[in-house]
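Here is a short report for a reader who is new to this structure. Please look over the sequence and the model, then read on.

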Amino acid sequence: MTTSLLATSHEVSRPDSALITVRRVLRIEAAAIERLSEQLGTEVSQAVQTIRGLSTRGGRLVVMGMGKSGHIARKLAATFASTGTPALFVHPAEAKHGDLGMIQPQDLVLAISHSGETEELCDVLPHIKRMGIALIAMTGRPDSRLARLSDIHLDASVVEEACPLNLAPTASTTAALALGDALAVAVLEASGFSADDFARSHPGGSLGRRLLVRVGDVMRQGDQIPKVSDSALLSQTLIEMTSKRLGMTCVVDGQGRLAGIFTDGDLRRVLEKQKLHAQTAVKDIMTRQVKTIASEALASEAAHLMEERRINHLVVVDADNVPVGVIGLHDLLESKII
């Protein structure tokens with residue numbers, strides 16, 4: 001008989017010791033971060049300014065750590081890189097076997113070790129110091145070897161681990177992660193890193209698309225634009241709308257400038273008010289006040305305008321009010337702007 005991995009309703013109804021444990025762990029880790037915020041001092045400003053200085057000399061932030069601290073170091077290297085500070089992770093053990101060549105004199109090392117005595121990390125420190133590379137250490141022991149060898153020491157000590165044996169790195173790794181994130185944000189703010197800068201580092205993400213994709217990148221253009229003359233008849237207008245399958249068409253004057261727009265909605269509205277026939281002139285029933293947008297505008301701005309005006313399409317015009325494209329909700333959905 002197969003034993004179910006799911007708890008029964010009877011088991012769930014019993015006093016939940018797991019919930020008690022989870023809440024206790026969360027309280028311990030939250031307290032560790034709260035205490036960390038109080039125990040830091042001016043060394044934080046030194047660290048932030050030193051990291052900022054990398055930009056002036058073309059250096060990178062090299063983040064190092066072993067074991068659980070190594071996992072934290074990898075994450076922090078990614079965070080710094082995505083927020084404007086060139087960064088990479090170097091494994092201390094691999095550094096002893098050739099990867100030390102990845103570190104250059106203009107770089108800066110951020111070393112993470114709760115004990116401050118991690119053998120693999122301490123073994124490469126003399127080589128790093130010999131190259132004249134500055135060292136920021138994040139440890140839980142200010143009297144440790146790593147702390148003493150560092151140029152800037154950040155005290156990430158915790159009172160207790162969340163592990164009931166006080167052995168498994170839990171609160172200490174949470175504190176190191178939180179402190180690293182805080183440093184990255186402080187450097188971001190001090191450097192004036194903007195949302196546009198962030199988007200350039202994340203072109204494949206939703207934020208990158210919203211901040212980088214322009215209307216001209218996704219609009220329909222050329223022969224795809226539904227367009228009729230303001231002298232066109234209703235019959236001709238409906239044929240153009242049907243052939244381009246957008247449920248609308250631009251109406252232009254003799255100079256090709258936008259004179260109005262005619263949509264399926266316009267057709268329904270005028271049918272309710274008057275009798276129409278194929279010889280009706282489109283200029284007599286078109287919408288003259290047309291909301292337009294420039295091709296250089298962000299596609300996200302087009303999405304906002306459509307939502308605000310409750311319309312499905314925008315006409316894209318140039319400086320002379322000549323239609324150069326049409327953008328619709330479907331185009332924005334396909335481009336994952338919305």
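## A residue in helix α9

Thr-173 lies in helix α9. Helices are DSSP runs of H or I with at least four residues, strands are runs of E with at least two, and both are numbered from the N terminus. The model is predicted, so local features need pLDDT of at least 70 and side-chain atom pairs count only at pLDDT 80 or more, while totals for chains, interfaces and linings use all residues. Residues are numbered from 1 along each chain as its sequence is written, and side-chain values use heavy atoms, with hydrogens and water left out.

Is Thr-173 buried or exposed? Thr-173 is buried, with a relative accessible area of 15%. Buried means under 20% relative accessible area, exposed means over 50%, and partly exposed lies in between (1.4 Å probe, protein chains only). Leaving aside neighbours within four places in sequence, Thr-173 is in contact with Lys-68 and Ile-72. Contact means heavy atoms within 4.5 Å.

## The chain as a whole

The secondary structure comes to 16 helices and eleven strands. The chain has 338 residues, and buried residues make up 41% of them. Take the contacts in the chain with a separation of 6 or more: residues 24 or more positions apart account for 63% of these.

## Helix α3 against helix α9

Two packed helices are described by the angle between their axes and the distance between the axes. Helix α3 covers residues 43-52 and helix α9 covers residues 171-191. Their axes come within 9 Å and cross at roughly 60°. That makes α3 oblique to α9. Axes are lines fitted to C-alpha atoms, for helices over the stretch in contact, and angles run from 0 to 180 degrees between N-to-C directions. Angles under 35 degrees count as roughly parallel, over 145 as roughly antiparallel, 65 to 115 as roughly perpendicular, and the rest as oblique.

α3 passes α9 in a right-handed crossing. A crossing is right-handed if the near helix is turned clockwise from the far one by less than a right angle, and left-handed if anticlockwise. From α3, the contact uses Val-44, Ala-47, Val-48, Ile-51 and Arg-52. From α9, it uses Leu-183, Ala-186, Val-187, Ala-190 and Ser-191. These residues divide into eight nonpolar, one polar and one charged. Ala, Val, Leu, Ile, Met, Phe, Trp, Tyr, Cys and Pro count as nonpolar, Asp, Glu, Lys and Arg as charged, and the others, Gly among them, as polar.

## Helix α2 against helix α9

Helix α2 (residues 17-39) packs on α9 at an angle of about 45°, with the axes 9 Å apart. The two helices are therefore oblique to each other. α2 passes α9 in a right-handed crossing.

Which residues meet here? Ile-28, Glu-29, Ala-32, Ile-33 and Leu-36 in α2 meet Ala-171, Thr-174, Ala-175, Ala-178 and Leu-179 in α9. By class, this contact has eight nonpolar, one polar and one charged residues.

## Phe-80

Phe-80 is found in helix α5 (residues 67-82). Phe-80 is buried, with a relative accessible area of 0%. Phe-80 and Leu-183 are 103 residues apart in sequence, yet 8.8 Å apart in space, C-alpha to C-alpha. Beyond its neighbours within four places in sequence, Phe-80 is in contact with several residues, including Ile-51, Leu-61, Leu-183 and Val-187.
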